[in-house]
Amino acid sequence: MRKMKKHEYPWPADPHPNVKGGVLTHLSHFKPLKEKQKPVTLDFEKPLVDLEKKIVDVRKMANETGLDFSDQIISLENKYQQALKELYLHLTPIQRVNIARHPNRPTFLDHVFNITDKFVELHGDRAGYDDPAIVTGIGTIDGRRYMFIGQQKGRNTKENIQRNFGMPTPHGYRKALRMMYYADHHRFPIVTFIDTPGAYADLKSEELGQGEAIAHNLRTMFGLKVPIVSIVIGEGGSGGALAIGCANKLLMLENAVFYVASPEACAAILWKSAKASPKAAEKLRITAPELCKLQICDGIIPEPPGGAHAGATWTSQEIKAAINETMDELTAMDTEELLKHRMHKFRKLGGFQEGVAIDPEKKVNMKKKEEQTVPRSSKEELEGEIEKLKQQILKAKESSTKPPEVALKNMIEKLKEEAYHEYSEAIRAMGLKDRLEMLREEVSKVNSKDRLMNPVLMDKIEKLKHELNQSLSAAPNYTILKYKLDMLKEVSTAKSLSKAATMKQEVNKKLSEIMGRPEIKEKLEALEAEVQSSGSSSFIDLDEGVKDKILKLKSEIELEMISALESLSLEVVVVKSNANPTSLSVFKNKVDNLNEEINKTIEEVVNSSELKNMMELLKLEKAKAEAGNVESESKIEALQQQIKQRISEVISSSELKEKHQELKAEISE
């Protein structure tokens with residue numbers, strides 16, 4: 001006590017009774033920093049620095065000149081916020097690693113003092129040492145008592161040296177173990193905060209039993225009869241993180257990482273250089289979204305744009321809400337259910353599914369199968385098969401039976417395969433195979449990240465396509481390729497026509513069934529007799545009663561026909577027109593001119609580079625969807641919507657709209 005500074009420890013001379021947390025808060029060594037932390041800009045955040053500098057310069061100018069620059073400042077601030085949001089929406093794994101290691105990132109005790117009503121720190125492992133890298137204590141959140149255990153990093157160099165950079169020794173893990181036993185005995189739920197690059201791996205720690213201390217913690221945590229929630233607030237490295245992470249629920253902050261080996265260590269092992277750490281971070285799948293997909297992480301706690309250090313209090317409140325929500329769920333379980341829940345969480349990790357197609361990105365590094373030579377049909381063989389198919393279609397037409405749809409489908413598939421192999425042969429002969437393979441790899445990488453292709457990649461595709469079209473006629477197999485493509489087009493047209501013929505037959509059959517019904521026949525015959533007996537030559541001369549009967553029967557037959565057509569999956573639109581066709585012939589030229597103008601406008605939009613790119617993307621996504629890629633369906637819908645919207649915007653231009661309104665008014669008159 002005498003060695004300490006006066007009134008610094010264990011509590012001040014005049015503690016205020018209304019201080020949040022009471023006098024006991026002052027028992028912690030953790031105090032607010034006297035100096036504000038220096039701002040640290042990460043490499044990928046450097047583009048934002050220019051915007052910040054502009055905002056500062058404009059404010060300085062406003063103060064010096066006394067002029068009002070509030071609009072410019074608001075505009076720049078909005079621009080900055082938008083850029084920040086965009087940047088943090090598309091972070092790479094290595095960028096998330098850098099955010100998790102940010103020097104100003106809130107530590108365990110920062111969060112604890114923000115979320116607890118009262119907190120008392122407990123020290124020592126009762127074996128001779130108090131490890132400052134692990135902090136333990138009892139605290140309350142909204143009246144509930146919890147045991148808090150967390151790895152504590154420093155907020156500056158001095159604190160980091162004192163806290164050993166958040167790397168615990170065996171004494172730290174034994175202190176955590178003692179507090180776990182204490183919490184289990186007194187029935188306190190446990191909340192652990194993970195933020196460590198790993199357990200301290202020096203000689204002394206190994207001599208003191210670092211491995212045994214971690215293993216003891218792992219074993220004990222699976223048997224604790226109280227709910228356990230672990231939250232990764234920074235980086236969770238290897239067994240050092242897992243030693244306090246065997247919980248019922250593992251939550252992670254949005255930019256936290258959880259790994260078995262750091263990206264730098266992994267890169268040094270696999271690629272013999274730490275410079276490959278971005279690649280290693282991507283392959284390790286260590287970010288919160290990836291770990292959620294693997295069911296290792298049970299939930300993601302959001303961070304503000306700019307990371308947790310940009311809004312420490314806001315992040316702490318999100319953590320508090322997550323703890324309350326998770327503990328509500330876990331405290332409802334009885335002891336046996338709680339232990340089973342914890343066991344099943346870890347037993348299901350590492351599961352795999354048989355019979356699922358391999359991801360193209362993973363397939364790159366696998367041993368490639370030897371290319372099998374597919375026997376291709378000669379021109380004469382194809383001609384013979386297509387002639388047979390034509391005969392079958394003609395017979396079906398003569399006998400009014402269904403066209404051979406299965407045979408048509410099989411022929412189309414065969415011709416597609418034949419054309420594909422001929423294209424491959426032509427590409428190989430022109431020396432474009434390597435470029436095509438490289439482009440395929442680039443496209444598969446873009447698709448694996450669920451992003452749209454960038455213009456550079458689109459340009460590459462367009463260039464290769466143009467080059468292929470230019471030199472295709474010089475390919476040695478061009479004649480047979482062209483013949484097969486023409487045949488494919490012809491058979492596809494025949495299939496669409498046969499489909500239309502089949503539909504026509506079905507529609508006629510349905511209509512015949514309706515008109516052949518006894519009740520409708522009786523009504524028609526009765527009406528015919530009435531019309532004949534009246535002696536009227538036209539509908540206008542008929543009595544009102546007969547007219548009503550005719551209109552009623554007409555609407556009844558129409559309704560029956562509509563329901564019959566809808567049963568064939570056809571969309572029926574009933575159009576009622578009171579216009580006289582002869583009177584509208586005057587407007588034919590005007591309507592044609594307007595249609596021509598609209599078509600011209602649409603053609604200009606369609607030929608624009610923006611829409612061309614979107615259409616090319618749509619073609620690619622449709623091809624992928626046909627190949628069985630489920631994710632492509634949502635992209636196809638989004639792209640179709642964008643194309644429709646773009647065309648709609650152009651058609652709805654003020655000039656065209658005015659002309660349309662004028663013409664509409666003239667016709668209605």
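**Questions about surface, strands and salt bridges**

Colleague: In which helix is the place of I269?

Modeller: This is a predicted model, in which local features need pLDDT of at least 70, side-chain atom pairs count only at pLDDT 80 or more, and totals for chains, interfaces and linings use all residues. Residues are numbered from 1 along each chain as its sequence is written, and side-chain values use heavy atoms, with hydrogens and water left out. Helices (H or I, at least four residues) and strands (E, at least two) are DSSP runs, numbered from the N terminus. I269 belongs to the run of residues 263–270, which is helix 10.

Colleague: Does I269 count as buried or exposed?

Modeller: A residue is called buried under 20% relative accessible area, exposed over 50%, and partly exposed in between, using a 1.4 Å probe and protein chains only. Because its relative accessibility is 57%, I269 counts as exposed.

Colleague: What is the area of the nonpolar surface patch made by I269, L270 and W271?

Modeller: Patches are made of residues with over 30% relative accessible area and no salt bridge, joining like charges within 9 Å and nonpolar side chains (Val, Leu, Ile, Met, Phe, Trp, Tyr) within 5 Å. The areas come from the Shrake-Rupley method with a 1.4 Å probe, and for residues only the protein chains shown count as cover. For the patch of I269, L270 and W271, the area is about 310 Å².

Colleague: Which helices each supply at least two residues of the positive patch?

Modeller: Lys and Arg count as positive and Asp and Glu as negative, while His and the chain ends are not counted, and each charge is placed at NZ of Lys, CZ of Arg, CG of Asp or CD of Glu. The positive patch is formed by K409, K416, K495 and K499, and K416 among them lies in helix 17. The helices that each give at least two residues are helix 17 (405–429) and helix 20 (478–515).

Colleague: How many residues of strand 2 are buried?

Modeller: In a regular strand, side chains alternate between the two faces of the sheet. On one side of strand 2 are I134, T136, I138 and T140, on the other V135, G137, G139 and I141, and all of these are buried. For strand 2, residues 134–141, the count of buried residues is therefore eight of eight.

Colleague: How many bridges join strand 2 to strand 3?

Modeller: Two strands pair if DSSP finds at least two bridges between them. Strand 2 pairs with strand 1 (residues 118–122) in the antiparallel sense over five bridges, and E121 stands opposite G137. On the side of strand 3 (residues 144–151), I138 stands opposite M147. Strands 2 and 3 also run antiparallel, and the number of bridges joining them is eight.

Colleague: Which residue in the turn between strand 2 and strand 3 has a positive phi?

Modeller: The two strands form a hairpin with two residues between them. The turn residue whose positive phi is about 50° is D142.

Colleague: Which residue meets the side chain of E556 in a salt bridge?

Modeller: A salt bridge is a side-chain nitrogen of Lys or Arg within 4 Å of a carboxyl oxygen of Asp or Glu. The partner of E556, at 3.1 Å from N to O, is K523.

Colleague: What separates K619 and E616 along helix 25?

Modeller: The side chains of K619 and E616 meet in a salt bridge of 3.8 Å, N to O. K619 counts as exposed at 53% relative accessibility, whereas E616 counts as buried at 16%. Because they are three residues apart in helix 25 (residues 609–626), the separation is about one helical turn.
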